[in-house]
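Please look over the sequence and the model shown here. The report that follows takes the overall picture before single residues.

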Amino acid sequence: MRSELFSQRNAEIQNRERWTLQSNKMLRTVITPNAPMIATKGAMVAYQGDVHFTHQGSKSVGQFMKKAATGEGGNVMKAEGHGEVFFAREASNIFMMSLEGQQDALTVNTSNLLAFDDALNWEIKRIKGGIGAMASGSGLFNLELNGVGTAAICCKGSPMVLDCSQQPTFVDPQAAVCWSSALAPQIKTDVSVGTFFGRGSGESVQLAFHGPGFVVVQPAENAVYSAQA
């Protein structure tokens, strides 16, 4: 059988590296018994070898309570065994973040998180916002990662990095990919009765950042699924 499909550019990259970008939209990872991985559900698109996927349990009572209240923790699973796992999400671009200590904390929108080293600590974080949280649809609960290890993050389109130290920065909750955990974003609202009856601007809720740190923004918004969808 002949086809351009079988050209070398489409073949699996063969190595033993922990993280390898198969392309800018596909990630190849190596799982070993001593190095399991945590991934978000729905991110795995293929795997080879003897790999098992199990629900990731809580590491503390506090984490268990947050998972039960928010449902965020139910979105993660552990990949264990020996083999290769491939991750992707909706043909989004993928970039890696290497964390180098407790001071290197990163908060990630769970819709943009693919996988991370099991050695990293993770915790569900809530952004306080009152009525603004209702209007935003999502972005209220996110995962904070810290420690030593690597995280794979996806972005719809090419990412833009904004420096929040110079002036106040406002980002649509569905376009915010990740940010420095040293920042404490607030939900800024421009909510009126018209907003709830379809007469708002459509841009009534933003995440407000200001201080030393960065926020990564994607040129598209993550989908928000309502109860009627």
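## Terms and basis

A residue is called buried when its relative accessible area is under 20%, exposed when over 50%, and partly exposed in between (1.4 Å probe, protein chains only). Glu12 counts as partly exposed because its relative accessibility is 22%.

This is a predicted model, in which local features need pLDDT of at least 70, side-chain atom pairs count only at pLDDT 80 or more, and totals for chains, interfaces and linings use all residues. Residues are numbered from 1 along each chain as its sequence is written, and side-chain values use heavy atoms, with hydrogens and water left out.

## Overall picture

The protein has three helices and 15 strands. Both are DSSP runs numbered from the N terminus: helices are H or I with at least four residues, strands are E with at least two. The protein has 229 residues, and 45% of them are buried.

Contact here means heavy atoms within 4.5 Å. Take the contacts in the protein with a separation of 6 or more: residues 24 or more positions apart account for 78% of them. The protein exposes about 12,100 Å², and carbon and sulfur atoms supply 54% of that area. Areas come from the Shrake-Rupley method with a 1.4 Å probe; for residues, only the protein chains shown count as cover.

Two strands pair if DSSP finds at least two bridges between them. How many bridges join β13 to β14? There are four, and β14 covers residues 205-209. Within this antiparallel pair, Ile187 has Leu207 of β14 as its bridge partner.

## Salt bridges

Side chains of opposite charge can pair when their charged atoms come close. A salt bridge is counted when a side-chain nitrogen of Lys or Arg lies within 4 Å of a carboxyl oxygen of Asp or Glu. The whole structure holds five salt bridges. One of them joins Glu12 and Arg28, with the closest N and O atoms 2.8 Å apart. Glu12 lies in the segment before β1 (19-23), and Arg28 is in strand β2 (residues 26-31). The two are 16 residues apart, and the pair links distant parts of the chain. Arg28 counts as buried because its relative accessibility is 1%.

Another salt bridge brings together the side chains of Asp118 and Lys78, at 3.9 Å from N to O. Asp118 sits in the loop between β7 (113-117) and β8 (121-126), and Lys78 in strand β5 (residues 76-87), so this pair ties together parts that are 40 residues apart in sequence. Lys78 has 18% relative accessibility and so counts as buried. Lys156 and Glu90 form a salt bridge too, with the closest N and O atoms 3.7 Å apart. Lys156 lies in the loop between β9 (141-155) and β10 (160-163), and Glu90 in the loop between β5 and β6 (93-108), so parts 66 residues apart in sequence are tied together. Lys156 is partly exposed at 23%, whereas Glu90 is exposed at 61%.

Gln218 lies in the segment after β15 (214-217). Is Gln218 buried or exposed? Gln218 is buried, because its relative accessible area is 4%. Leaving out residues up to four places away in sequence, Gln218 touches Asn112, Cys155, Lys156, Gln174, Ala175 and Val177.

A polar contact is a pair of N or O atoms within 3.5 Å; within protein, one must be able to donate a hydrogen and the other to accept it, and residues adjacent in sequence count only if both atoms are side-chain atoms. The side chain of Gln218 makes such a contact with the side chain of Asn222 (3.1 Å). A polar atom of the Gln218 side chain also lies 3.2 Å from the backbone oxygen of Gln174.

Thr150 is in strand β9. Thr150 is buried, with a relative accessible area of 13%. Its contacts beyond four places in sequence include Trp19, Met96, Phe116 and Leu120.

Gln166 is in the loop between β10 and β11. Gln166 is exposed, with a relative accessible area of 63%. Its side chain makes a polar contact with the side chain of Ser165 (3.2 Å). The C-alpha atoms of Gln166 and Gly213 are separated by 9.8 Å, and the two residues are 47 residues apart along the chain.
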